[in-house]
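Keep the viewer open as you read.

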Amino acid sequence: MDLIALLKSQFLCHLIFCYVFIASGLIINTLQLFTLLLWPINKQLFRKINCRLSYCISSQLVMLLEWWSGSECIIHTDPRAYPKYGKENAIVVLNHKFEIDFLCGWSLAERFGVLGGSKVLAKKELAYVPIIGWMWYFTEMVFCTRKWEQDRKTVSESLLHLRDYPEKYFFLIHCEGTRFTEKKHQISMQVAQAKGLPSLKHHLLPRTKGFAITVRSLRNVVSAVYDCTLNFRNNENPTLLGVLNGKKYHADLYVRRIPLGEVPEDEDRCAAWLHKLYQEKDALQEEYSRTGTFPGTPMVPPRRPWTLVNWLFWASLLLYPFFRFLVNVVRSGSSLTLASFVLVFFVASMGVRWMIGVTEIDKGSAYGNMDSKQKKHSD
């Protein structure tokens, strides 16, 4: 292990990243709270400010992937479609197999300059998670309960609010609803068999209703669907903890631009279209497992420096007073003060480790583990 790799794996470096992320995140959340005063006066100004504030948080995680770990992502796509990426609103359909696939989606948005305004369809519980969840609330993310009877109206209303959004955005959606595991795959294929649908080898059965309502609500605002299929070379199993340790991963991302006009508007036909799309995605993954590459022209959009600049700004702002405070605590010689400081730091560290744990496959959502009999009656 070289010296730089050894340095990146040190717990002290991780604590610095955690401190900067937590402290800056709470400051930004506070600023976002004050921007609520703008909502009744100038809604579009409120949105533009919150796009930039949210970028200050999400770009720190992208910085870890792109600059700290140095992970590489080659995009395989049609050169004729490539110039349109980042110049239009798009629904981005991502597969959901890896612990950092959400981060790769954010990196894609960052490379094309739309990270600040980009949206996700997320479970409602995440809205209450400090920093990221609160950031999402202020940037009008679309939250769902995963109970369609409740979600039909609330999700539709949230999506309709985005029709006049002033910034370009990617709407990132994992149509499988939950991360791929062997157990969930077995249950999902039982449902596919019961519905007379072809089996998928590398994906779960897509949940079509959320996608259909997204397409219907954003039609004429969103220009295209970007069908994105992600894989990693040499059977790499990427984790957020690995990224934090500075481990370099090598990703391939197939991106196909499909004009939104080609997606049916009728819910049943849209569902059939999405099932066909996932059969094509499955064939792509099978081809990748055989050949080690995707079709299309390989391209590497350049890293933008702003994620690194943003992190350096917050680090320079926050680390100096932190170390001064730490020196003063040590100099005080008070056992109670030292013990309190250690306790607070320990709790903060555990909090960050919990947030990392949310991304881990073996601690992921139980969504999809319901029995197959129940799932046969829903989509």
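**Cysteines, spaces and covered helices**

Cys175 is buried, at a relative accessible area of 3%, where buried means under 20% relative accessible area, exposed over 50% and partly exposed in between (1.4 Å probe, protein chains only). Before going on, note that this is a predicted model, in which local features need pLDDT of at least 70 and side-chain atom pairs count only at pLDDT 80 or more, while totals for chains, interfaces and linings use all residues. Residues are numbered from 1 along each chain as its sequence is written, and side-chain values use heavy atoms, with hydrogens and water left out.

How many disulfides does a search of the whole structure find? The search returns 0, a disulfide being a pair of cysteine sulfur atoms within 2.5 Å. For Cys175, the closest cysteine sulfur is in Cys270, and at 9.0 Å that is too far for a bond. Cys73 has its closest cysteine sulfur in Cys104, 6.0 Å away, which is also too far for a bond.

Rolling a probe the size of a water molecule over the atoms shows where empty space is left. Here the search uses a 1 Å grid over the protein atoms alone: a cavity is a set of points where a 1.4 Å probe fits but cannot get out, a pocket is an open set with protein on both sides within 12 Å along at least five of seven lines, and lining residues have an atom within 4 Å of a point. Grid points are joined across faces, edges and corners, and a volume is the space filled by probe spheres set on the points.

Across the whole structure there are 5 cavities of 30 Å³ or more. Two or more lining residues come from each of H3, strand E1 (72-77), helix H4 (101-111) and strand E7 (250-259); helices (H or I, at least four residues) and strands (E, at least two) are DSSP runs, numbered from the N terminus. H4 gives the most, with 4 residues. By class, this lining has 10 nonpolar, 2 polar and 3 charged residues, counting Ala, Val, Leu, Ile, Met, Phe, Trp, Tyr, Cys and Pro as nonpolar, Asp, Glu, Lys and Arg as charged, and the others, Gly among them, as polar.

The second largest cavity has a volume of about 90 Å³. Its lining includes Ser54, Trp106, Leu115 and Met141, and H3 and H5 are the elements that give two or more residues to it. Its classes are 6 nonpolar, 5 polar and no charged residues.

Now for an open space: the second largest pocket has a volume of about 580 Å³. It is lined by 22 residues, and Tyr137, Glu140, Met141, Phe143 and Ser158 are the closest to its centre. Helix H3 (43-68), helix H5 (132-138), strand E4 (142-144) and helix H6 (148-161) each supply at least two lining residues, and H6 gives the most, with 6. This lining divides into 10 nonpolar, 5 polar and 7 charged residues.

Within H3, have a look at Ser59, which is buried at 0% relative accessibility. Its side chain reaches the backbone oxygen of Tyr55 at 2.6 Å. Ser59 and Thr307 are 248 residues apart in sequence, yet their C-alpha atoms are 5.1 Å apart in space.

Two helices are mostly covered. In H4, 10 of the 11 residues are buried, including Cys104, Trp106 and Ser107. After H4 comes Gly113, with a positive phi near 75°. In helix H8 (residues 208-218), 9 of the 11 residues are buried, and strand E2 (90-94), H6, strand E5 (170-173), E6 and helix H10 (267-291) are among what covers them. Asn220 follows H8, and its phi is positive too, near 75°.

Let's finish in strand E6 (residues 224-232), the place of Asn231. Asn231 is buried, with a relative accessible area of 13%. Its side chain makes a polar contact with the side chain of Gln285 at 2.5 Å; a polar contact is a pair of N or O atoms within 3.5 Å, where within protein one must be able to donate a hydrogen and the other to accept it, and residues adjacent in sequence count only if both atoms are side-chain atoms.

Technical notes:
Contact = heavy atoms within 4.5 Å.
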